[in-house]
Amino acid sequence: MGSVIVELKGKDLDHACQQVMATIAHADCQPWLEAKRGILIVCSRYPSFDTSVAKAKVAARKRGIRLSVVCDKADTEFEKVLTG
C-alpha cells in the first residue's frame, strides 16, 4: 500500500511540481499519507527538456517519493507510480 498524490495540469509542469510538493509537506495532509508515497502529474504536454521536472524528481527522490509525469494517458496503474 501507499499514497499517490495526483495533480492534473495543462502544461505548467513547474507549477504542478511546486503544488504537489507543498501538498505532501503540509501538516494537515500528514495524517492521511502512507509511508510509501508517490506523485503522479497528468498533463496535456510534456516538454522534451524541462529542468524543473528533473529538479522536482531529484527533490522528491531525496524525500523517498517517486515522481511520475504522464501525458494524455487514459490508464495509469497507481502501483507503478509507487514502485517505478
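Trainee: Which residues is Glu7 in contact with, leaving aside neighbours within four places in sequence?
Mentor: Glu7 touches Ala16, Gln19, Val20, Leu40, Ile41 and Val42. Keep in mind that this is a predicted model.

Trainee: Where does Glu7 sit?
Mentor: Glu7 belongs to strand 1.

Trainee: And is Glu7 buried or exposed?
Mentor: Buried, because its relative accessibility is 16% and the cut-off for that label is under 20%.

Trainee: What does the chain average?
Mentor: A pLDDT of 80, and 88% of the residues score at least 70.

Trainee: Switching to helices. How do helix 1 and helix 2 cross?
Mentor: Helix 1 covers residues 13–25 and helix 2 covers residues 51–62; their axes come within 9 Å and cross at roughly 15 degrees. Angles under 35 degrees count as roughly parallel, so that is the label for helix 1 and helix 2.

Trainee: Is that crossing left-handed or right-handed?
Mentor: Helix 1 and helix 2 make a left-handed crossing.

Trainee: Which residues meet there?
Mentor: Helix 1 brings Leu13, Asp14, Cys17 and Met21, and helix 2 brings Ser52, Val53, Ala56, Ala59 and Ala60. By class, that contact has 7 nonpolar residues, 1 polar and 1 charged.

Note on methods. Residues are numbered from 1 along each chain as its sequence is written. This is a predicted model: local features need pLDDT of at least 70, side-chain atom pairs count only at pLDDT 80 or more; totals for chains, interfaces and linings use all residues. Side-chain values use heavy atoms; hydrogens and water are left out. Axes are lines fitted to C-alpha atoms, for helices over the stretch in contact, and angles run from 0 to 180 degrees between N-to-C directions. Helices (H or I, at least four residues) and strands (E, at least two) are DSSP runs, numbered from the N terminus. Angles under 35 degrees count as roughly parallel, over 145 as roughly antiparallel, 65 to 115 as roughly perpendicular and the rest as oblique. A crossing is left-handed if the near helix is turned anticlockwise from the far one by less than a right angle, and right-handed if clockwise. Contact means heavy atoms within 4.5 Å. Ala, Val, Leu, Ile, Met, Phe, Trp, Tyr, Cys and Pro count as nonpolar, Asp, Glu, Lys and Arg as charged, and the others, Gly among them, as polar. pLDDT is the predictor's confidence in each residue, from 0 to 100. Buried means under 20% relative accessible area, exposed over 50%, partly exposed in between (1.4 Å probe, protein chains only).
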